[in-house]
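Keep the sequence and the model side by side as you read.

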Amino acid sequence: MTSANLFPGVKVILVETSHPGNIGAAARAMKNMGLTELVLVNPLDFPNMKAVFRAASAGDVVRGAQVVETVEEAIADCQLVIGTSARERRIPWPLLSPRECGEKVVTAFEGEQKVGLLFGRESRGLKNEELQQCQFHVNIPTGEAYSSLNLAMAVQVICYEVLQAKHAGNNDSGRSDQEWDLPFADSAAVEYFYDHLEATLIQVGFHDPENPRQLMTRLRRLFNRVRIDRMEVNILRGFLTAINRLGKPGEPHEPQEKG
Ligand code: SAH
């Protein structure tokens, strides 16, 4: 028997879904397109038989879903995170069409990266802070009068494009990803870096947490654009640690000689 999972390491992540029927319908949409790794972040009503009924022959995907508390947990091991969004946000992010999204996912998958595809709440989508944990956003173009698809329909469109991109086999858009000499940093490492960066900017008096403006958002967007690798994140963390030491009394202030 052929495996139902054509994309091991590619996760569909549904955030705080209210209706269990949507979870089932999303599972079916996934399995139809060869994806089976479903992660539910804090679902409001799960487990629920309505999810299994709506899944039809994808009940295995529903029963196999991983349930976690936070988006951070869901994406911690992902090197590529793409967030879906029905509307324009205040600070625009690198935006993909569904087709480009499919190509990015397949290229990353072929490069053995773990991928997270984030879908939001039926009522209000993804929060800005969740969207800012993504390298890319994807919007499904719609008629002007009504841009918000049903959650499972959005999952269907994106998963369809992932499978089409695999069939087309010409994923040029991110080919350089595969030629990179080091693995890309995963989301957990990048989030530690942002926390460290923010704390250091506060320490040196550059950033005022009482009046944050959009500083951290803009810095996230900057670093997201370069797909930071594991070595680079370690270098940057080491650099921040050196700055942290400068501020501490009793610690050496001279730069350390590198031998
Ligand atoms: N009312 C919400 C939309 C929620 S729709 C809002 O204004 O943001 C539920 C989810 O389906 C969204 O979070 C997103 O993951 C997906 N979705 C719906 N329409 C979409 C579209 N046009 N493009 C991309 N994703 C969409």
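A cavity, on a 1 Å grid over the protein atoms alone, is a set of points where a 1.4 Å probe fits but cannot get out. A pocket is an open set with protein on both sides within 12 Å along at least five of seven lines. Lining residues have an atom within 4 Å of a point. Grid points are joined across faces, edges and corners, and a volume is the space filled by probe spheres set on the points.

This is a predicted model: local features need pLDDT of at least 70, side-chain atom pairs count only at pLDDT 80 or more, and totals for chains, interfaces and linings use all residues. Residues are numbered from 1 along each chain as its sequence is written, and side-chain values use heavy atoms, with hydrogens and water left out.

The structure holds one cavity of 30 Å³ or more. The largest cavity has about 140 Å³ of space. Its lining counts 18 residues, and Gln135, Val190, Tyr194, Asn224 and Ile228 lie nearest the centre. Helix H9 (187-203) and helix H10 (215-225) are the elements that give two or more residues to this lining. H9 gives the most, with four residues. Helices (H or I, at least four residues) and strands (E, at least two) are DSSP runs, numbered from the N terminus. By class, the cavity lining has eight nonpolar, six polar and four charged residues. Here Ala, Val, Leu, Ile, Met, Phe, Trp, Tyr, Cys and Pro count as nonpolar, Asp, Glu, Lys and Arg as charged, and the others, Gly among them, as polar.

Just after H10, arginine 227 takes a positive phi of about 50°.

Now the open space. The largest pocket has a volume of about 390 Å³. It is lined by 22 residues, with Ala86, Arg121, Gly125, Ser148 and Leu149 nearest its centre. Eight of the lining residues are nonpolar, nine polar and five charged.

Turn to the sheet. Seven strands form an open sheet in the order E3-E2-E1-E6-E4-E7-E5, with parallel pairing. Strand E3 (66-68) and E5 are the edges, since each pairs on one side only. Two strands pair if DSSP finds at least two bridges between them.

Which strands flank E4? Four bridges join E4 to E6, and three join E4 to strand E7 (residues 136-138). Glycine 83 has leucine 118 as its bridge partner in E6 and stands opposite histidine 137 in E7. Threonine 84 stands opposite valine 138 in E7.

Five of the five residues of E4 are buried, so E4 is largely enclosed by the rest of the structure. In a regular strand the side chains alternate between the two faces of the sheet. Leu80, Ile82 and Thr84 point one way from E4, and Val81 and Gly83 the other way.

Serine 85 is buried, at a relative accessible area of 8%. Not counting residues up to four places away in sequence, serine 85 touches Leu131, Val138 and Asn139; contact means heavy atoms within 4.5 Å.

Conventions: Buried means under 20% relative accessible area, exposed over 50%, partly exposed in between (1.4 Å probe, protein chains only).
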